[in-house]
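This briefing goes through selected parts of one protein model, element by element. Please keep the sequence and the structure at hand while reading.

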Amino acid sequence: MLTISRLVADPALGLRIVTPELTERLSAEIRWLHTTELPDPSRYIRPGELVLTNGLWYPHVSAEQFVDALARAGAAGLVFGLTAQTPALPEELVALCIARDLPLVELCIGVPFAALTRAAARIQNEVLQAELTATVRRGNALATALSRGSGAVGVLEILRGDTELPLLVVDRRGRCLAAIGCAPSAEQIRLAAAALNRTPPPLEVDLLAAAPSPLYLVEGAMGEIDAGLYCLEPAAALTAADREALDQAARFLSLEVTKQQAVQAIEARFAAELLEMILSGPGRTGEVSQRLRAYGVPDGSLAVFALAPADEDVPLDDIADAAGAIFAAHGIPVFTAAGSRDVVAVCPWERTAAELPRFAGELSADIARRASARRIVIGLGELAAVAGLREQLVRAREVCQVLRAQDGPDTATFADIATHRMLLGLLDPQVLNRFTEQVLGAVRAHDARAHTELEHTLRVFLANDGRWGVTATALHVHVNTLRNRMARIAELTGRDVDRLADVVDLFLALTGPQRG
């Protein structure tokens with residue numbers, strides 16, 4: 001950068017530092033050079049400019065008035081050009097510059113100010129050339145790193161080599177994508193992710209106790225903010241070169257995030273297709289086997305897991321990511337797919353069946369910790385070959401939903417929890433839909449036409465084990481009103497709640513698909 005020390009270092013300029021004790025000011029960046037002979041040039045000098053003068057004002061005003069004007073304007077320093085009329089620096093001027101902490105440089109007779117201007121322009125050009133070269137070199141290195149699959153970590157490694165700054169990349173879901181030169185705490189990651197979900201995101205975030213950290217936004221494929229590049233140094237401590245490097249790295253990280261999103265979209269589509277193949281039954285066993293091998297899951301004894309959070313606000317994608325990482329840490333190839341209510345995992349199992357529940361318990365605890373979930377429940381299917389995956393998957397998913405709905409164990413098998421839900425889960429959904437519509441269709445049509453609540457009344461009645469008084473109280477109606485409603489339900493459905501077989505039909509129909 002352009003500094004007084006760098007100008008003085010040019011022997012062709014004939015400059016001499018008169019105030020060498022002002023070391024810090026001599027090495028500070030200067031904006032440009034300003035030539036003046038005005039007695040009070042403070043109105044025209046910008047902060048950080050180096051003032052050039054021959055002292056033509058000296059016979060008319062005091063040196064104190066001139067130096068005070070420069071100090072008031074924030075000048076970077078003073079270059080006094082000697083002339084035949086002023087062949088030596090006025091002692092008063094030297095003393096005042098030292099007192100005002102204003103660097104003073106002497107320019108020998110015969111060297112024009114234009115020489116200094118040309119030298120300053122050359123230095124500025126060299127600085128710009130160096131910055132441009134560094135930007136191009138860094139851009140090439142970043143592009144090469146991404147093309148080789150180095151990802152966000154590779155970007156930070158290149159940036160760290162140029163700046164030595166502690167760096168952190170966090171996405172909107174609170175995942176630390178990369179970190180270098182620092183060990184971010186869980187609270188720092190949480191604050192970093194929270195900032196990205198604000199509209200608009202801030203430019204600085206309080207991640208440090210001393211001062212805010214700068215945030216550089218990383219956009220995804222749809223132009224939305226998907227991640228942030230954080231520097232765990234105070235924003236005020238960064239140089240212009242640091243900020244340029246961080247901004248450039250954030251743009252390359254956007255390319256990486258966009259690429260990862262495209263890859264994840266393709267993987268999600270393939271996973272959804274494979275899950276659909278498994279659920280379609282044994283007719284597509286060959287295709288299922290081939291797809292599983294693409295995930296590294298060979299034919300043989302397979303374990304099936306259905307995982308879900310007890311807390312609804314935990315994203316299923318986070319659970320799938322955590323599950324994949326844990327299986328990988330155990331050296332177990334796995335296929336995972338996030339559904340609408342749970343995450344399915346299929347992996348080879350070479351250990352005994354008795355060891356599977358213990359592994360599932362450890363898996364539940366590890367995923368809860370990684371995904372910041374209160375509780376993760378896991379339904380387990382029995383060990384099966386590819387042809388038997390559908391039945392075990394349906395069972396595992398039903399067990400998972402039962403576990404979510406009750407306080408109890410975090411993991412279980414079909415044998416552990418045998419309820420009517422298990423039997424319903426094994427039915428073809430279309431068959432169950434037809435059964436439900438056949439039993440309750442007339443009730444639902446009456447409710448829609450007459451704006452009544454017969455279906456709701458039936459649900460509350462059965463939920464209260466057929467107790468008339470308790471149900472009437474829950475519905476805030478008289479018992480006789482309740483009896484009239486139940487009689488109307490009997491007329492519409494042809495089923496009487498006083499007969500056990502009819503109650504079973506009504507209960508199973510209510511357990512099936514609901515409307516509205």
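The model is predicted, and the values given here are computed from it.

- Strand E2 (33–35) and strand E3 (50–53) pair in the parallel sense over 3 bridges.
- Within this pairing, Leu33 stands opposite Leu50 in E3.
- E3 is also joined to E4 by 4 bridges, and these two strands run parallel as well.
- Thr53 has Phe80 in E4 as its bridge partner.
- In a regular strand the side chains alternate between the two faces of the sheet.
- E3 is covered on both faces: Leu50 and Leu52 are buried on one side, and Val51 and Thr53 are buried on the other.

- Thr36 counts as buried because its relative accessibility is 4%, and the cut-off for buried is under 20%.
- A polar atom of the Thr36 side chain lies 3.1 Å from the backbone nitrogen of Leu38.
- Beyond residues up to four places away in sequence, Thr36 touches Pro41, Val51, Leu52, Thr53 and Phe66.
- Among these contacts of Thr36, Val51, Leu52 and Thr53 are buried residues of E3, and Phe66 is a buried residue of helix H3.

**Helix H3**

- Helix H3 spans residues 63–73, and its buried residues are Ala63, Phe66, Val67, Ala69, Leu70 and Ala73.
- Viewed down the axis of H3, these buried residues fall within an arc of 155°, so they line one face of the helix.
- The cover over the buried residues of H3 includes E3, strand E4 (77–81) and helix H4 (91–99).

- Strand E6 (residues 167–171) runs antiparallel to E7 and is joined to it by 4 bridges.
- One of the paired positions is Val170, whose bridge partner in E7 is Cys176.

**Ala303, in strand E11**

- Ala303 lies in strand E11, which covers residues 302–309.
- Ala303 is buried because its relative accessible area is 0%.
- Not counting residues up to four places away in sequence, Ala303 touches Ala345, Val346, Cys347, Trp349, Leu356 and Leu383.
- Ala303 and Glu437 are 134 residues apart along the chain, with their C-alpha atoms separated by 35 Å.

- Gly466 is found in the loop between helix H15 (454–463) and helix H16 (468–475).
- Gly466 is partly exposed, because its relative accessible area is 23%.
- Gly466 and Val497 are 31 residues apart in sequence, and their C-alpha atoms are 8.0 Å apart in space.
- Thr471 is a residue of helix H16, and at 0% relative accessibility Thr471 counts as buried.
- The Thr471 side chain reaches the backbone oxygen of Arg467 at 2.7 Å.
- Apart from neighbours within four places in sequence, Thr471 is in contact with Val460, Phe461, Asn464 and Leu482.

**Helix H18**

- Helix H18 (residues 500–511) has 12 residues and reaches 16 Å from its first C-alpha to its last, close to the 16 Å expected at 1.5 Å a residue.
- The buried residues of H18 are Asp502, Leu506, Ala509 and Leu510.
- These buried residues fall within an arc of 100° when seen down the axis of H18, so they line one face of the helix.
- Leu500 and Ala501 are exposed on the other side of H18.
- An α-helix has 3.6 residues a turn, so residues three or four places apart point the same way.

Methods: Residues numbered from 1 in each chain as written. Predicted model: local features only at pLDDT ≥ 70, side-chain atom pairs only at ≥ 80, totals over all residues. Heavy atoms only, no water. Buried < 20%, exposed > 50% of the residue type's maximum accessible area, 1.4 Å probe, protein only. Polar contact = N/O pair within 3.5 Å; in protein donor to acceptor, adjacent residues only side chain to side chain. Contact = heavy atoms within 4.5 Å. Expected span 1.5 Å × (residues − 1). Arc of directions from axis to C-beta. Pairing = 2+ DSSP bridges.
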